[in-house]
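Here is a short briefing on selected local features. Keep the sequence and the structure side by side while reading.

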Amino acid sequence: MKPAVPSHQPLAERLRPRQLSEVIGQQHVLGPGMPLRLAFESGRPHSCILWGPPGVGKTTIARLMADAFDAQFISISAVLGGVKDIRDAVERAEAARGGLHAGPQGSLIQEPQRTIVFVDEVHRFNKSQQDAFLPHVESGLFTFIGATTENPSFEVNSALLSRAAVYVLQPLSTDELKQIVALAQSEQALPAIDNEAIERLVAYADGDARRLLNTLETLAMAAAQDKLAEITDAWLLKVLGERMRRYDKGGEQFYDTISALHKSVRGSDPDAALYWLVRMLDGGADPRYMARRLVRMAAEDVGLADPRALRLALDASEVYERLGSPEGELALAECVVYLAVAPKSNAVYKAYNAARAFVKQDSTRPVPMHLRNAPTKLMKQLDYGKGYRYAHDEEGGFAAGERYLPDGMAEPGFYQPVERGLEIKIAQKLRDLRARNAAAPTPDPDNL
């Protein structure tokens, strides 16, 4: 039985779980035998970071840990707080450990108590602010729990990260969100909601329980005003307008999605590639950025297996610049499908990286004399360009046996064409040219 919660509080707060068994979702960490469940059952809290999108239960889990361990719960918002809030938390934790802490109705209790310091949006704290927690986490003055929507690997100091377990929380599933709708209806006496409207609500929430509950609360008031006995899909669509999805244009989800698009193209799956392209465009990604990424994919993953891909990617970018959204997005879609179904080769990409790595560690080799430019009389007298064979004057436009690498440098073999697309013919041509080189007589240095 949940304790009474003031009715003026938001629905999301009124329905917040008061014990572990009431939590919906996150069973991969809270289910029987799972890490966080074991921590609850052991009675021994440990510092951790809860990483996940909005509305998946980060604050709820932190509060439940404080209740389970009978600990003082201190909440700090990294958006609004600062070093002063951290100092205040340390003082309160020291007082609680010393045996003096607040009891019911403002009374003071003389009994040692643990403290849990919960930092919401911990990634918003800078390095020095995060460092301020370190000595107190190490000494055991308090248990630190951070909540973040950003990748802790990038946003949390490595020193703090090494002292806290990281738990990844997932967006709530469709079934879990439907459970919350049913709970809200039973607790709040909401009007009946038809199945199509529930499906739309769940899709609108996009894995975010808080968003779902706040929407339900708004709908309840609007339905009461319109004296509706049932919330229908048609009415819901009118109230909600076009469905908006959760999308972080510059954060972890953005880079995960562009990664999925790139890998779908590389994996020759046009449906998946289209899906991720539309997901990004629908979420507000800049189509010009998408066009630049498609050009990169054409060069990196299609390469010379189909040189037309690069031209088509550039054309798609130009078409978008001329037409804008939404008309120009069709050209991006056409490009994505073409790149996905085109033969793939990363031979040029690998060759370029190999050449860069070689040059970076190699010495600065002089240009061979026969390859040097000789625009002046003095340079010609110094034998610049002497012995160079003009390929166009040779049989087949190829100077068999001629070397173009620095003297003493072995053939590096950077470029290794694959047996796909046009590179099949390129590979055969290179084999023929190498055979002609091998059969050519060794040049006489005295005749150069």
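Buried means under 20% relative accessible area, exposed means over 50%, and partly exposed covers the range in between. The model is predicted.

**Helix pair H17 and H18**

- H17 spans residues 308–323, and H18 spans residues 329–341.
- The two helices pack at an angle of about 165°. Their axes lie 8 Å apart.
- Angles over 145 degrees count as roughly antiparallel, so H17 is roughly antiparallel to H18.
- The H17–H18 crossing is left-handed.
- On the H17 side, the contact residues are Arg308, Ala309, Leu312, Ala313, Ala316, Val319 and Tyr320. On the H18 side, they are Glu329, Ala331, Leu332, Cys335, Tyr338 and Leu339.
- By class, this contact has 11 nonpolar and 2 charged residues. It has no polar ones.

**Backbone features**

- Most residues other than glycine have a negative phi, and most peptide bonds are trans. The next points describe departures from that pattern.
- Serine 325 and proline 326 are joined by a cis peptide bond, with omega about 0°. Proline 326 sits in the loop between H17 and H18.
- Aspartate 70 is not a glycine, yet its phi is positive, near 50°. This aspartate lies in the loop between helix H4 (58–68) and E2. Its relative accessibility is 56%, so aspartate 70 counts as exposed.
- Aspartate 383 also has a positive phi, about 70°, without being a glycine. Its place is the loop between helix H20 (377–381) and helix H21 (423–439). With 35% relative accessibility, aspartate 383 counts as partly exposed.

**Glutamine 72 in strand E2**

- Glutamine 72 belongs to strand E2, residues 72–77.
- Is glutamine 72 buried or exposed? Its relative accessibility is 13%, so glutamine 72 counts as buried.
- A polar atom of the glutamine 72 side chain lies 3.3 Å from the backbone oxygen of arginine 92.
- Beyond four places in sequence, glutamine 72 touches Arg92, Ala93, Ala96, Gln113, Arg114, Thr115 and Ile116.

**Valine 418 in the H20–H21 loop**

- Valine 418 is placed in the loop between H20 and H21. Aspartate 383 is found in that loop too.
- The relative accessible area of valine 418 is 16%, so this residue is buried.
- Which residues does valine 418 contact, leaving aside neighbours within four places in sequence? They are Lys344, Ser345, Ala347, Glu423 and Ile424.
- Valine 418 and glutamate 111 are 307 residues apart along the chain. Their C-alpha atoms are separated by 73 Å.

**Arginine 124 in the E5–H6 loop**

- Arginine 124 is in the loop between strand E5 (115–120) and helix H6 (127–131).
- Its relative accessible area is 51%, so arginine 124 is exposed.
- Apart from neighbours within four places in sequence, arginine 124 is in contact with Ala78, Val79 and Gln129.
- The C-alpha atoms of arginine 124 and arginine 16 are separated by 25 Å. Along the chain, these two arginines are 108 residues apart.

Note on methods. Residues numbered from 1 in each chain as written. Predicted model: local features only at pLDDT ≥ 70, side-chain atom pairs only at ≥ 80, totals over all residues. Heavy atoms only, no water. Axes fitted to C-alpha atoms, helices over the stretch in contact; angles between N-to-C directions. Helix = DSSP H or I, 4+ residues; strand = E, 2+ residues; numbered from the N terminus. Parallel < 35°, antiparallel > 145°, perpendicular 65-115°, else oblique. Left-handed = near helix turned anticlockwise from the far one by under 90°. Contact = heavy atoms within 4.5 Å. Nonpolar A, V, L, I, M, F, W, Y, C, P; charged D, E, K, R; others polar. Buried < 20%, exposed > 50% of the residue type's maximum accessible area, 1.4 Å probe, protein only. Polar contact = N/O pair within 3.5 Å; in protein donor to acceptor, adjacent residues only side chain to side chain.
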